[in-house]
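Student: I would like a close look at a single part of this model, the place where the two chains meet. Could you walk me through that part and then the spaces around it?

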Amino acid sequence: MYGNDFAAADPSGGDLLGQVEAAEAALRAAAARGRGGAVTSGADPEAYFADVIDADQKIEPRDWMPEAYRRTLIRQIAQHAHSEIIGMQPEGNWISRAPSLKRKAILLAKVQDEAGHGLYLYAAAETLGVSRDELVDLLISGRQKYSSIFNYPTLTWADVGVIGWLVDGAAIVNQVPLCRCSYGPYARAMIRVCKEESFHQRQGYEILHTLAHGTPAQRAMAQDAVDRWWYPSLAMFGPPDGDSTHSAQSMAWKIKRFSNDELRQRFVDMCVQQAQTLGLTLPDPDLRWNPERQAYDFTHPDYDELMRVISGDGPCNRQRMEHRRRAHAEGAWVREAAAAYAAKRVGRREKVAA
Amino acid sequence: MHGPFEFTLRLGDDALVAAQRLAEWTSRAPEMEEDVALANIALDQLGAARLLLTYAGELEGAGRDEDALAYLRDDREFRNCLLVELPNGDFAVTMAKLFFLAAYQLPLYTALAGCADERLAAIGAKARKESAYHLDHAALWVRRLGDGTEESHRRMQAAVDGTWPYVHELFAADPAAPVDPATLRGDFDTTVTTVLAEATLTRPETGWTPAGGRDGVHTEHLSYLLAEMQVLHRAHPGARW
C-alpha cells in the first residue's frame, strides 16, 4: 500500500499531510497485525531481521540488526537532528526584526519547533546506542554534516517565507517517505516532525502570498528570494541518482523508499502549481510540462556547487559552525553548574536516607 | 494622565521588551532544552504584550493597533521598566532579570485577574499561569547556578547584584491604577528572600535605585533594541505583512 500513493499536491501542501496520516495509519495497522511468523529472534537473528523488513514491520531498538544498518541510521538520524539545530540560525536571524508582532510570534514558535525536532531526533538516534553528547561532538568538530541548504544566508524577510515554502517543502517531500522507514523510532519521529513541518510550509507560503500581493517593493523582495533559493532547494535532494553513494542499500533496508531524482521531480511538480498560485516565477526558462513523462522538465541545480557547499565552502558554513561552537562553549559553565547542583542534591538525599 | 491606557501600556511594553530580549537567546542557549524553554517564555511574554497593546490601543481610541504601538513609537514613548531593556549579559544575568520580572509579574497578574476591568482581568487570568511557570523556571536556575560550581555562584551573585537596583522601579506607588504596584512588594520580597537563601546567594543592600522607564526616560540600550525591532516595519510604511 505504499510507493504509489502520492497524488499531485494541492497548493496548501495538505496532500503531503494526508500521506503522513496514511503512514501513521499503516504503522498502527502493522503493529496490530503483529509480526506474524517472525515471532522470535532467538534462533536466527539475521533471518528474523530479513523477515521483519519483508513484512513491512518495524525494527525496534531491542531487535538484532546488521551493524551497517545501525551505522547508516545513526548517521542519517544524527545528520537530520544536526540540520534542525543548525537550521534554527538562518530563520532565527529574522526573529528580532519580524515586521509584525503576529509574524514574530509565528517565527519564534517555528524556530522553537526546530529545536524540539532536533531533541526528538537525537533521542531517536540514542535508541541505537549512541549518546547525544557524542553526536553533538561530531557536529561541532565537523565530522558529521547537516543539510547544506542552511549554509545560504537569509538576506531579507522574504527569505523567511521562501524557507518555509521551498526548504520546508523539500524537507517534507524527503521526509514523508521516511514515515514508513523500517526503523520504528525514526518512522514515528518522522510522523510527528512532518506534521509540524507541513504547518511551517503553509506559514511560509502565506508569508510569500502576502508579499506577492503587497507593495511593489514587497513583491520584488519575494521574487528575489525565490530566485536565490530555488536551485539550492532542488539540491536538497542530494546528488543525481548515478552519483548517490548510500542509496541502493538503504532502499533494500527500507530506510529510503525513493531515489533522489524521483523525490526531486515530485518536488518540482508540486512547486510549479504553487508558484502559479502565488504569482511568482521560478527562475528556470526551461521549465515546461512534458506530456510523455507526465512531469515537468526542469534545469538541474549545479551539483558542483552542492559539492563545494557540502565540503565547507558555502557562503555561511564557517558562520554557522562558529555560532554553534560558541553557543556550546559559552554554555559549558551552565551545564557544569547544573550537573554539580544535581550531584549535590543526590548527595544530600543519600545523607538523609542514611 | 495615569489612566487605564497608561497602565495597560506599561504592562504591554514590559512584556514586549522582555520578549524581544529573551528571543535573542534563540539558537544560543546553553542547552537545547533551554533553547526551547526560553523561546516558550518569550512567546508567553509576546502573547501577553499583544493582548495588552491591543487593549491599550482601544482604550486610547486613536486607532492604533498592536503593531502601531510596537513599531511606530520612539524610545521616549515607551513605558517599560528599565529592568527588561537591560542587555541579556551571560545566562546568569538573563536568569536574574527573568527571576525578578516573574516575581513581580506573578502577583501583578494575579491581582489583575480580580480587578474591575473585565478585559484586564481576563488577560491577568491567562498570564498569571504563564508567570507561575516563568518564576518556577527562573528560580530553579537561580538555585542551580547559585548552588552549583564556584564559577556559577560567582556569576549568579554578580548578576543578582547588577540587576537588583532596577527592581525598585517596578513597585513605584500608583494608587489610582487598576493594581497599585506598591501593594505587590511584599509578595516579591518573600519570593526573592526564599529563593536567594536556597541558592546560597546574598540579597543585596538597597542603595542606588534607577528609574524613569515609566516616564519614557530609558537607558541607552532601549533605542538600539527598538531600532532593530522596528527597522523592517518602518522601511515599508503602510505595508501589510
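Student: How many residues does the contact take from chain A and from chain B?

Tutor: Happy to take you through it, with the reminder that this is a predicted model. The contact takes 46 residues from chain A and 46 residues from chain B. Between them the two chains bury about 4,000 Å², and 67% of that area is on carbon and sulfur atoms. On chain A, three residues stand out: A:Leu101, A:Trp333 and A:Tyr341 supply 20% of the area that chain A buries against chain B, more than any other three residues.

In one of them, B:Asp147 pairs with A:Lys344, and the closest N and O atoms are 3.1 Å apart.

Now look at which elements build the side of chain A that touches chain B. At least two residues each come from α3 (67-92), α4 (101-126), α5 (132-140), α7 (184-212), α8 (216-235), α12 (317-330) and α13 (332-353) of chain A. Of these, α4(A) gives the most, with 13 residues. By class, this side of chain A has 26 nonpolar, 10 polar and 10 charged residues.

Some of these helices turn up again when we turn to the pockets. The second largest pocket holds about 340 Å³ of space. Its lining has 17 residues, and those nearest its centre are A:Gln89, A:Gly92, A:Asn93, A:His323 and B:Arg28. From chain A, α3 and α12 each supply at least two residues of this lining, and α12(A) has the largest share, five residues. By class, the lining of this second largest pocket has two nonpolar, eight polar and seven charged residues.

The largest pocket has about 1,300 Å³ of space. It is lined by 47 residues, with A:Gln79, A:Asn174, A:Met236, A:Phe237 and A:Gly238 nearest its centre. The elements giving two or more residues to this lining are α3, α6, α7, α8, α9 (247-252), α10 (260-278) and α11 (303-313) of chain A. Here α3(A) gives the most, with eight residues. The lining of the largest pocket has 21 nonpolar, 16 polar and 10 charged residues.

Two or more lining residues come from each of α1 (4-23), α4 (82-85) and α5 (91-113) of chain B. The largest share, four residues, is from α5(B). The residues of this lining are six nonpolar, two polar and two charged.

Methods. Residues are numbered from 1 along each chain as its sequence is written. Chains are lettered from A and ligands numbered from 1 in the order in which they are written. This is a predicted model: local features need pLDDT of at least 70, side-chain atom pairs count only at pLDDT 80 or more; totals for chains, interfaces and linings use all residues. Side-chain values use heavy atoms; hydrogens and water are left out. Contact means heavy atoms within 4.5 Å. Buried area is the accessible area (1.4 Å probe) that two parts lose on being put together, summed over both. A salt bridge is a side-chain nitrogen of Lys or Arg within 4 Å of a carboxyl oxygen of Asp or Glu. Ala, Val, Leu, Ile, Met, Phe, Trp, Tyr, Cys and Pro count as nonpolar, Asp, Glu, Lys and Arg as charged, and the others, Gly among them, as polar. On a 1 Å grid over the protein atoms alone, a cavity is a set of points where a 1.4 Å probe fits but cannot get out, and a pocket is an open set with protein on both sides within 12 Å along at least five of seven lines; lining residues have an atom within 4 Å of a point. Grid points are joined across faces, edges and corners, and a volume is the space filled by probe spheres set on the points.
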